[in-house]
Amino acid sequence: MKSSSPSSLENFLPRGVAAEGSRGGAAVSFACRAPRILQFVGAFLLFQALLSGQSNFLTTAQTYLQQGRVDDARKVLLEMLKENSGHAQGNALLGQIAFSREEFQQAVAYFRKSQTVIAGNPLMRVNFAEALLETGATDLAKRELAQLPPTAAIAQFEAGLLWARHGDFLSAEQHFLKAKAGYPKPQVIHYNLALAQYSAGKFAECSATLDEARRKGLRSGDILNLLGQSYSESGKNAEAASVLRQAIRLYPKDERNYVSLVKMLIEDDAAAEGLEFINMGLGLLPKSPPLLLQRAYLLMSLGRNREAETDYRRVVEMDKASVTARIGLAFSLIQSQRQTEAITLLEELTKSHPGDYFPYYLLGELYTRQGLEDQSMAKLTKAASLQPRIAAIHSNLGKLYLKKNKLSLAIQELETATQLDPSDTTGFYQLSIAYRRMGEKQKSEEAVAQVRRLNEMERELGTSRFLTRKLKNFRNSFNTTSN
Amino acid sequence: MKRASILVALGLFIVFTFFKAGDEPSIHFEDISSKAGLTKPVIYGGEKQQKYILETTGTGVALFDYNEDGRPDIFLVNGSRLNLKESDKPSNLLYHNEGDGTFRDVTQAAKLAHSGWGQATCVGDFDNDGWTDLLVTYYGENVLYKNLGNGTFLDVSQKAGIQHAGNWNSGCSFWDFDRDGNLDLIVATYLDYKEATSHEPGSGPNCRWKGMPVMCGPMGLKHSPNVLYRNNGDGTFSNVSVASGITKTTDCYGFMPVTLDYDLDGWPDLFVSCDSTPNLLYRNNRTGTFTDIGMEAGVALNEDGKEQASMGVAVGDYNLDGYTDLLVTNFSEDTPALYQNNRDGTFTDSTYSAKLGLNTQFLSWGSVFADLDQDGLNDLFIVSGHVYPEVDQHPSETSYKQARQVYRNLGEGIFSDISAKSGPAIGAQRASRGLAVEDLDGDGSLEAVIINLNDTPSLLKNMAKDKGNWIMLRLEGSRSNRSAIGARVQLTVGSRIQSNEVRSASSFYSSNGLRLHFGLGKESEAKRIEVNWPSGARQVFENVKGSRVVSIHETQGIR
């Protein structure tokens, strides 16, 4: 099931707290930024052109840009470059145009020839860096952004967003920190800084940033929700619950807080209390898919599979495209001993979403339980081809190979599994069997020792917490989810 | 009139032909307990709520012929309840098989009346006097009853030296681990004695179930070691637990010890089901010592390397390869674990391959491999019941009382769930624990006796007409222990070879008696019977007629 992880890209600008001209999502705001930059850059370049005396081409290009006639502007600029290919302003504008069209190779080429312009235009430097990133030149991008003036708060902020989009949250954090003092929207900068810190696993720093925001009177559903999650990740469950409860009181229609709080309560084996909160949220937001999905999950954990099935079916009706809901529905059917129906549903999902590994994986599990090993193997092989980084797929494949006595294939899969997930008990246990059959006694004993350690850890933590920890470790090493 | 009669006869012929043999089910259980006279309940723990873990485990049943009249009798272990007045404490129950389908309570007459938190029972002639003795384990002191041969028993616990204060004793088995001809004794223990009544519901992390406060444990509670007694041959036993090496493994909440010669080296080994901890397989080193190889052998955990609840143990050769397999019952939202013997000293978890992984709604206890339809293949019978009676007040979809399960062995290592077609007694819901099977009425098919908590026991009779032929073997040792416990039989029918061992106990806390039942299918005789005795002696008999109980003596052969 997809988790509402705060490090999901769409969270990188808070909803309802817009950067200028943005519609909320980071990608959207970034796209909105480009035309403004064009206009800004255009005005600057015109001024420079007036100084240099090459005003005609640039004036014409500027006029065309203002009229939205980007192709015409481009033609004029190309014409200008025929006479002077190294013209910095011309190259800069062409670079911007290419950038706005996502022609990143071209953009890089033009920006390279406009260093003098870039030197005075921090936002353009950010665009140059982004084009470099999109063409795989990460180190060069880093070097570019390192040249941003520390006081160019907006550019520093945009640089932070850029790194966040590309998953380098530590770099993002550095730029956000530089932007913090001068960025005109304190709520936005604090939130984004905290989010970068959270995503980098720096939960203490994240909490400190958000606490600072609160002390400054900056408060929003986003800030409280993120703070709650950060406390939770730091093991401060009581503080987390308190913050999330406050968030629910203040922003009762923000579904994220219910979801975050309930996740914590499930981990603390307080599912019944979680159900109270989710029902509270559904009272205000009866058609909220995330809340219905969370309640369904809660209900399943309480053994109330039929009720969970009802919630999943409601989400499916509301959102026919929701893979999460249909997978959840499959789980509830499995729990209710209706494996055949679950198989039918999942087989349909593989047809409607052939690129999604999870239905294949789940089918693999189900066919194994039914003793249909060949069918299971086919599904798991397909799942692995779509998503090779899921340990459970490999350990299940390894199990099947071992049953067929295909030892080297089994070991290959099982070793892959345990490398991907060092807490994969299945993988280690099956490896111990495989190694023993190969005569590798010591390796077998080491694998058994690992199984014992993992089982002891699970006993100490309790199964809920053990699984949560596995999921967190997995999420930290691998950010892409199935849906 | 005559013409009409012919027409009627023809009609009836057509009807009977339509329902010809093969269309009728060959497994159809009905509960005849009330008619049979089993009307007294087994009391165990609270009915609506159970405060402590002590109240959850339940008791066992032994089916054995205590008075050697050729008809197995029924012994039911009884339990207790918190805060019961002395006068209300129920006693264990011995029912004499009257031979007419009824059973008579002879507990007092047999001097087997005893109250307490009874647990398991196991049978064996520990003094080789020809009369089967009885052990009952307790939360507290175990009781060893010597069968005096006159319809009565004598408590010889103290004299025998098997009283072990301060234990929560669980399953037991008599067995001759050193092959000296005297039956030794293994007693598993579940928890440290004080832990059984120490923790209030909901008071800790292991005291909640799906958000509901319930009794605590066993996770988080202190283990206690299993106990091995060596028979000194003079009516006494010595505790050799430490010397034998079985106490080296400490983290086991032990439920059911079952004996089996898993590697066919002629020396009995021991499997112990352990709740929420790795199961144990003690390989007999032949020196009076044992090595726990459960992990290496592949029976400690399931195929995902996970510890399971591990309660009851069915022992038998389900795939006719001559080697003993194991099935262990588990908690709900889990499957039983079928450990198929690989014939090389290891086992493989074959639950899913055998199609036993489809039902996860049951919380199961007693389980037996038994040829219920007598077609020559061991079927599977499992009884269930939840641990928490409080579950009935919880909105989850499970229940305290649960139905039984019957899986028919289809051959090729695969089972089919035929519970829905196996008669009304299978669908009946009870909070069941112990289960034993034997042919109580001498018709060759197996009856099942089931312990139901706070309820009367069930006595299930297979009413199906179309069952295969059968043969029952009753072995008697002379150089080997008198009960022939540990004797291994291979019986050839047609091209198939079935195998089984005489054992003192299995399932959950229960004993199927000392006779061995085999289905012969359509054959009327066993082509070959090979008996391997614990003493090392070997006998072979050919073309042994079926449909009877065959007594085989170690030196005198078939009697």
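**Salt bridges and their surroundings**

Tutor: In this predicted model, B:Arg515 and B:Glu438 form a salt bridge, with their closest N and O atoms 2.9 Å apart. B:Arg515 belongs to the loop between β33 and β34 of chain B, whereas B:Glu438 is in strand β28 (residues 432-438), so the pair ties together parts that are 77 residues apart in sequence. B:Arg515 counts as buried because its relative accessible area is 16%, and the limit for that class is under 20%. B:Glu438 is buried as well, with a value of 3%. In chain A, salt bridges that share partners join A:Glu309, A:Arg313, A:Arg338 and A:Glu341 into one network.

The general idea is simple: side chains of opposite charge can pair when their charged atoms come close.

A polar atom of the B:Ser511 side chain lies 3.2 Å from the backbone nitrogen of B:Gly513. Beyond four places in sequence, B:Ser511 touches residues that include B:Ala62, B:Thr121, B:Val123 and B:Ala436.

B:Leu134 touches B:Ala62, B:Thr121 and B:Val123, among others, when residues up to four places away in sequence are left out. In the largest nonpolar core, which has 101 residues, B:Leu134 is one of the five that touch the most other members, alongside B:Leu326, B:Leu473, B:Leu475 and B:Ile529. Another core, of 94 residues, lies apart from that one and has A:Tyr312, A:Ala384, A:Tyr429 and A:Leu431 among its members.

B:Leu144, a contact of B:Leu134, is also in contact with B:Phe237. B:Phe237 is found in strand β15 (residues 237-239) of chain B; with a relative accessibility of 6%, this residue counts as buried.

Beyond four places in sequence, B:Thr456 is in contact with B:Leu38, B:Thr39, B:Lys40 and B:Pro41. Its side chain also joins that of B:Asp455 in a polar contact of 3.4 Å.

Let us now return to the charged pairs. Within chain B, B:Asp321 and B:Arg343 meet through their side chains in a salt bridge of 3.8 Å, N to O. B:Asp321 lies in the loop between β20 (313-316) and β21 (325-328), and B:Arg343 in the loop between β22 (337-341) and β23, so this pair ties together parts that are 22 residues apart in sequence. Over all chains, the count comes to 52 salt bridges.

Other pairs reach from one chain to the other. The side chains of B:Asp251 and A:Arg459 meet in a salt bridge at 3.9 Å, N to O. Here B:Asp251 sits in the loop between α5 (241-244) and β16 (254-260) of chain B, and A:Arg459 in helix α26 (residues 441-461) of chain A, so the pair joins two chains. B:Asp251 counts as partly exposed because its relative accessibility is 25%, and A:Arg459 belongs to that class with 27%.

The side chain of A:Arg459 also meets that of B:Glu307 in a salt bridge, at 2.6 Å, N to O. Across the interface of chain B and chain A there are six salt bridges, and 16 residue pairs are in polar contact. In chain B, α6 (294-297) and β23 (347-349) each supply at least two residues of the side that touches chain A. By class, that side has seven nonpolar, 14 polar and 12 charged residues.

The contact as a whole takes 33 residues from each of chain B and chain A. The area buried between the two chains is about 2700 Å², and carbon and sulfur atoms give 44% of it. On the side of chain B, B:Met295, B:Glu303 and B:Glu397 lose the most area to chain A, together 22% of what that side buries.

Conventions. Residues are numbered from 1 along each chain as its sequence is written. Chains are lettered from A and ligands numbered from 1 in the order in which they are written. This is a predicted model: local features need pLDDT of at least 70, side-chain atom pairs count only at pLDDT 80 or more; totals for chains, interfaces and linings use all residues. Side-chain values use heavy atoms; hydrogens and water are left out. A nonpolar core is a set of buried Ala, Val, Leu, Ile, Met, Phe, Trp, Tyr and Cys residues joined through side-chain atoms within 4.5 Å. Buried means under 20% relative accessible area, exposed over 50%, partly exposed in between (1.4 Å probe, protein chains only). Contact means heavy atoms within 4.5 Å. A polar contact is a pair of N or O atoms within 3.5 Å; within protein, one must be able to donate a hydrogen and the other to accept it, and residues adjacent in sequence count only if both atoms are side-chain atoms. Helices (H or I, at least four residues) and strands (E, at least two) are DSSP runs, numbered from the N terminus. Buried area is the accessible area (1.4 Å probe) that two parts lose on being put together, summed over both. A salt bridge is a side-chain nitrogen of Lys or Arg within 4 Å of a carboxyl oxygen of Asp or Glu. Ala, Val, Leu, Ile, Met, Phe, Trp, Tyr, Cys and Pro count as nonpolar, Asp, Glu, Lys and Arg as charged, and the others, Gly among them, as polar.
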